[in-house]
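Hello,

Here is the structure we spoke about, with the findings written out below it. Please keep it open while you read.

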Amino acid sequence: MSPQMTSHPDAPLLVAEGLAKYYGSRLGCRDVDLSLHAGEVLAIVGESGSGKSTLLGLLSTEMAPSAGRVSYRMRDGEMRDLAALSEAERRLLLRTDWGFVRQHAEQGLRMAVSAGGNVGERLMAVGWRHYGNIRDEAADWLARVEIATERMDDDPRTFSGGMRQRLQIARNLVTRPRLVFMDEPTSGLDVSVQARLLDLIRQLVEEFGLAVVIVTHDLAVARLLSHRIMVMKSGRVIEQGLTDQVLDDPREPYTQLLVSSVLAA
Amino acid sequence: MTALARTASGMPAITYNFAYLDEQTKRMIRRAILKAIAIPGYQVPFASREMPMPYGWGTGGVQVTAAILGANDVLKVIDQGSDDTTNAVAIRSFFETTAGVATTTRTQDATIIQTRHRIPEAPLREGQVIVYQVPIPEPLRYLEPRETETRRLHALADYGLMQVKLYEDIARHGHIATTYAYPVKVAGRYVMDPSPIPKFDNPKMDDSPALQLFGAGREKRIYAIPPYTRVVSLDFEDHPFAVQAFAEPCALCGAKGVYLDEVILDDRGSRMFVCSDTDHCATRQDEGHTGSMSAPYGEGRP
């Protein structure tokens, strides 16, 4: 348990109230309430177009909501409305206390910058100016995500899909964030690479007590990683609860359909 | 010059407003310059005009010079340290024609020095203005292509990205391999592209008694370093900034601690290193200094 937890044993880390997003007259998502505690993994599942990515964009302040608000408990313990943060505070939050692992690694990495530089970028952004220290820290993180040290000076362009995702994770975790957003981190990877990545994520989540919001259409990923699950359809949350409960005993017809449409391997 | 002057064929002679630009344009540029001086290192947008020369030939520098030029100014123009290369000769004669000002090649005698890619070796003094021609004013350009984003990064003094570039240099080459247009931080605030001067010249920008103005014509930006302003070249604690060092002195004047150009002499690899600053080199030769390849005394000189 982190030291912050002792002062607010029950205070959530991230709270969303009445979130809605409209793209003109089209609905992105609406009426979303959620709270996430430190160390908790929340999966948002649903078919494509159900509003999952919109919701993730709203939570991570990448998009401004049409209605509702998102607040976050900062490292000093104070609950802040994210819309009220200054741009400088928001950026600092994004690159220190938060992480964002994207579906397409090209969006989350600098493809023309070496793996070491990718991991070191956040450190340099928060003021590290000692090359040797930056490099040691980057090497340490590359080792944690099982990228060989001799690949440190190679471009991510030369990396396989699985390596790129692991590099993204190292790049995000190097500043020890408390909350990480993940948008379909395993899609497009073959099954064995997926399994290794999920294993790694699970281990890091446990080791650092990370809170994670993970968007996925893959129920197996949700089952493996998440404590809680939210099922979305047509922009609304139609069912939520403990992962096992929802997946083993779905209440809504749509969730039942989702669960039953997974092929048994 | 009177507007009624006629050429031999009877056509009216071309007359220019003093220093080519009209007075309103010069006022607009002066306003941008004043703002730039007030916010050292900040890129001030300005309504850059079409000039009678192609972009990349110093349209920004020429507009800045035109805006600050007075009838009593003495102008020096250098291109890569040299007073007699095409760009320098063309711009010098441009102002001789359009402003009728005195020109010089001597750094000490000039009140305004327009430069491309060098700062003169002779130390600048109070009252002098050096005008740099700038091709790309944005130091973050190749790291972050979106102009909206780079402006925000400047606004927030968010310069980690610049450090990433230097990190990459060390990771790939073992040292910071950027040798020109080496990024600097001005007055502890804005990171600035010093134009493509060799990093050898970076220390000369720091705490300089002269006013330094930068004009980028195509990119429509003006920025400035007021006299006696702190200019720090970015680096890492364990890889500090260092300027180029040359193994041998100038082959013509024997100068050490100056920036040298390599001149290839034949197709068998012979070469010589000579001062890039031609005025500095000529002054030293006149004072009697010689280098390893100087002509014997009296020969080749009037």
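The centres of domain 1 and domain 2 of chain A, taken over C-alpha atoms, are separated by 26 Å. Domain 1 of chain A covers 11-97 + 177-260 and domain 2 covers 112-171; these bounds come from an automatic or database domain assignment.

This is a predicted model: local features need pLDDT of at least 70, side-chain atom pairs count only at pLDDT 80 or more, and totals for chains, interfaces and linings use all residues. Residues are numbered from 1 along each chain as its sequence is written, while chains are lettered from A and ligands numbered from 1 in the order in which they are written.

Where the domains meet, ten residues of domain 1 of chain A are in contact with nine residues of domain 2 of chain A (contact: C-beta atoms, placed from the backbone, within 7 Å). On the domain 1 side, helices H3 (87-96) and H8 (191-208) of chain A each supply at least two residues, and H8(A) gives the most, with five. Helices (H or I, at least four residues) and strands (E, at least two) are DSSP runs, numbered from the N terminus. By class, that side of domain 1 of chain A has six nonpolar, two polar and two charged residues. Here Ala, Val, Leu, Ile, Met, Phe, Trp, Tyr, Cys and Pro count as nonpolar, Asp, Glu, Lys and Arg as charged, and the others, Gly among them, as polar.

The largest nonpolar core has 79 residues, and Leu59(A) and Val213(A) are among those with the most contacts inside it. A nonpolar core is a set of buried Ala, Val, Leu, Ile, Met, Phe, Trp, Tyr and Cys residues joined through C-beta atoms within 7 Å; buried means that 20 or more other C-beta atoms, placed from the backbone, lie within 10 Å of the residue's own. Helix H5 (residues 160-173) of chain B gives the most to this core, with six residues. Both domains of chain A give residues to this core, so it lies between them. Beyond its neighbours within four places in sequence, Leu59(A) is in contact with Leu14(A), Ala16(A), Val70(A), Phe181(A) and Val213(A). A second, separate core of 52 residues includes Phe94(B) and Leu211(B).

In chain B, strands E11 (residues 260-264) and E12 (residues 271-275) pair in the antiparallel sense over five bridges (pairing needs at least two DSSP bridges). Asp261(B) stands opposite Val274(B) in E12(B). Six residues lie between the strands of this hairpin, where Gly269(B) takes a positive phi near 90°.

Regards

Methods. Two residues are in contact if their C-beta atoms, placed from the backbone, lie within 7 Å. A residue is buried if 20 or more other C-beta atoms lie within 10 Å of its own, exposed if 12 or fewer, and partly exposed in between; C-beta atoms are placed from the backbone.
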